[in-house]
Amino acid sequence: MPHDGSGPTTRANWSPYDNNGGTVLAVAGEDYVVCAADTRMSTGYNILTRDYKKIDQMSDKCVLASAGFMADAVTLKKTLKARCTTYEFQNDKPMGCVSFAQMLSNTLYYRRFFPYYTFNIVAGLDAEGKGAVFTYDAVGSYERTNYSCQGSGQGLIMPVLDNQLKTVSPLVLPAQSSATPLSESEAVDLVKDCFATAGERDIYTGDTVEIWIINKDGVRKEYQELKLD
Amino acid sequence: MADNFLSKVRHELRYASRTFLLGVRKGVFTKSNVDAMEAVKQGGATVGCKSKEYVVLATLKRAASELSSSQQKIFRADDGIGVAISGLTADGTAAIRALRQDCTSHSFTFQSQVEVCRLAGRIADKWQVVCSQRSGSRPSGVGLLIAGRDMRGCHLYQVCPSGNLYDHVAAAIGARSQASKTYLEKFQVQMDNFSLQDLILLALRALKEATSEPLTKETCTVAVVGVEIPFRVLNEDELSSPLAKLTTDTQ
C-alpha cells in the first residue's frame, strides 16, 4: 500500500463492486413455490430506480432471484440462461430445478477469487412436482431448504420466516415432509407481510414487491405496493 | 432395392475417406464438391416454402431398415429459426450444433435473435472455406434449408456443401426433389398470400411429388415458423387434417 511515511496509510478507493440493495425471498410448499423480490435498486443512500426486476425465469419451472450487485446479477443470469438453452438442445428436455441449482453453485465457485457479488435464491418445482428452494452465498455454497431470504432485509425477515414456517427437521425418523403445510394463498399473504415488515426498517427495501407463484399450472405473478420512503 | 442401398453405402465410404487424397490431385476440389452434392441428392426429400407471414418445412422420414427408427431431419436452432437437412445426417447434426451455438452466442451478446441471413451466411462461409481454401478436410455432405423469421420478415435459405447460399420463396432438396420443385414453381406468385393451412398443404403436396408412397404421419414431418409463431414441429394431431385433404386430392 502507498505509504509516504508522514501521514496515515492510503488505500485504493475504487472497488469493482457496488451494493444495489434489495431483498429476495422464497417459500416452498407441497406442490407450489412462491418467490418474491422488492423492486428497488439503490446505490449508497440514493435510489437508482423503483422498478427493477430481480427475478428471472431460467427454465420451465425454475426461477433465479438475486440481490446484491446488479451488474454481476445480470451477467450471471445471462450466462446461466444461455447454458439452459444449450442444455435443452443437447438433452431434449428443459433443465430441471435441481440440476440448475448445482450448475449455479459451480458457476459461482468458479469465480471463487473474484466472486459474483450476488446473493441468490433458486426457486422451482423438482422432478416430483414438489416446491424447491435453494439458497446460496456469494461463492456457491448452497442448500435446499423450505424457505429462505437473502439481501439487505435478510436479518429482518429470516427470523419471521423461522417463526412462521419452521417445521420438524428433515433428519428426524420416521421421515416426515418438512415442506410448509401452508396453502398457496396463505404463503403469498405471509410473503407480503414479510416485505411490509422489512420495508419499515430497511432503507434498501421498498417500492413494490414482485411475487412469482410457480405450480403445476405454470407461473403467475402478483404485485404489492410498499412504502416509497 | 438392396443394390441401391449398397451403392449408396459404397459412395458414402468413398466420399468420407477421400480426405487424404485431397491435397494430391489438381482439380480435386471440384470433384469432392461433386461428391458432396451427390450426398445431398441421395438424402431424403426436403421441401420448404414461404408466404409473407409463415415458412413451412416438410421432410420425408427415412429409416435405415424396418427395425430402426427414422432419423430426425428437422431441428430447432432458436425460437424463430429452424433447419431441415438432407444428406449425411452426421454432418447435418454437426451443422445444427454450430447453428445453435451461433444463435445462443448472438442472443447473449446482442440481446436479440440473429438475423436469419446472417446465420445462414456464417455457415455458408464456413463451408466455403473447407471447400476451396483448406486441403485437409472434406466438404460437409449435407444440404440445409433454413427457415426463420426476424425483424425483416420470413425467410427461407438453402445452403449447399460448396458454400453457396440461396434465398428462396420455395425450395426442394434431396432425392427426386426436381419433381417437388416443378410442382412448387406453379405457385411461386400465389404462395406469398397463402394462409398457414394452405402453405402446409402446398408443402405436403410438393413432398408427395417426390415419393411414390402415400404420405402418412409416420412418413413425413412438418415444421412451421411465422412472424407471430415460434418455430415448432407439428405433432401428429395437427398433421391429420392436412394429410386427410391430401388423400382426397385429385391433382
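Reader: How far apart are the end C-alpha atoms of helix α4 of chain A, and what should its 18 residues span?

Author: Happy to start there, with the reminder that this is a predicted model. Helix α4 of chain A covers residues 184-201, and at 1.5 Å a residue its 18 residues should span 26 Å. That agrees with the separation of its end C-alpha atoms, which is 27 Å.

Reader: Which residues of α4(A) are buried, and what covers them?

Author: The buried residues are A187(A), V188(A), L190(A), V191(A), K192(A), C194(A), F195(A), A198(A) and G199(A). An α-helix has 3.6 residues a turn, so residues three or four places apart point the same way. The cover over the buried residues of α4(A) includes β1 (23-28), β2 (32-38), α3 (154-165), β11 (208-215) and β12 (218-225) of chain A.

Reader: Is L182(A) buried or partly exposed, and which residues does it touch?

Author: L182(A) sits in the loop between α3 and α4 of chain A. Its relative accessibility is 25%, so L182(A) counts as partly exposed. The C-alpha atom of L182(A) is 6.9 Å from that of G29(A), although the two residues are 153 residues apart along the chain. Leaving out residues up to four places away in sequence, L182(A) touches Y32(A), L165(A), A187(A) and L190(A).

Reader: Which strands stand at the edges of the open five-stranded sheet in chain A?

Author: The order of this sheet is β5-β6-β7-β8-β9 (chain A), and the pairing is antiparallel. Each edge strand has a single partner, so one side of each is left without a neighbour in the sheet; these strands are β5 (55-59) and β9 (142-145) of chain A.

Reader: By what angle are neighbouring strands of that sheet turned, on average?

Author: Take the order β5-β6-β7-β8-β9 (chain A) again. With direction ignored, neighbouring strands in it are turned against each other by an average of 25°.

Reader: Which residue in β8(A) stands opposite A123(A)?

Author: Strands β7 (residues 118-125) and β8 (residues 131-136) of chain A pair in the antiparallel sense, over five bridges. In β8(A), the residue opposite A123(A) is V133(A).

Reader: Turning to chain B, how many residues of strand β2 are buried?

Author: In a regular strand the side chains alternate between the two faces of the sheet. Both faces of β2(B) are covered, with Y54(B), V56(B), A58(B) and L60(B) buried on one side and V55(B), L57(B) and T59(B) on the other. For strand β2 (residues 54-60) of chain B, the buried count is seven of its seven residues.

Reader: Which element gives the most residues to the largest nonpolar core?

Author: This core has 31 residues, and C49(B) and V56(B) have the most contacts inside it. The elements giving two or more residues are β1, β2, β8 (170-173), α5 (177-185), α6 (196-209), β9 and α7 (236-247) of chain B. The element that gives the most, with nine residues, is α6(B).

How values were computed
Residues are numbered from 1 along each chain as its sequence is written. Chains are lettered from A and ligands numbered from 1 in the order in which they are written. This is a predicted model: local features need pLDDT of at least 70, side-chain atom pairs count only at pLDDT 80 or more; totals for chains, interfaces and linings use all residues. Side-chain values use heavy atoms; hydrogens and water are left out. Helices (H or I, at least four residues) and strands (E, at least two) are DSSP runs, numbered from the N terminus. The expected span of a helix is 1.5 Å times one less than its number of residues. Buried means under 20% relative accessible area, exposed over 50%, partly exposed in between (1.4 Å probe, protein chains only). Contact means heavy atoms within 4.5 Å. Two strands pair if DSSP finds at least two bridges between them. Axes are lines fitted to C-alpha atoms, for helices over the stretch in contact, and angles run from 0 to 180 degrees between N-to-C directions. A nonpolar core is a set of buried Ala, Val, Leu, Ile, Met, Phe, Trp, Tyr and Cys residues joined through side-chain atoms within 4.5 Å.
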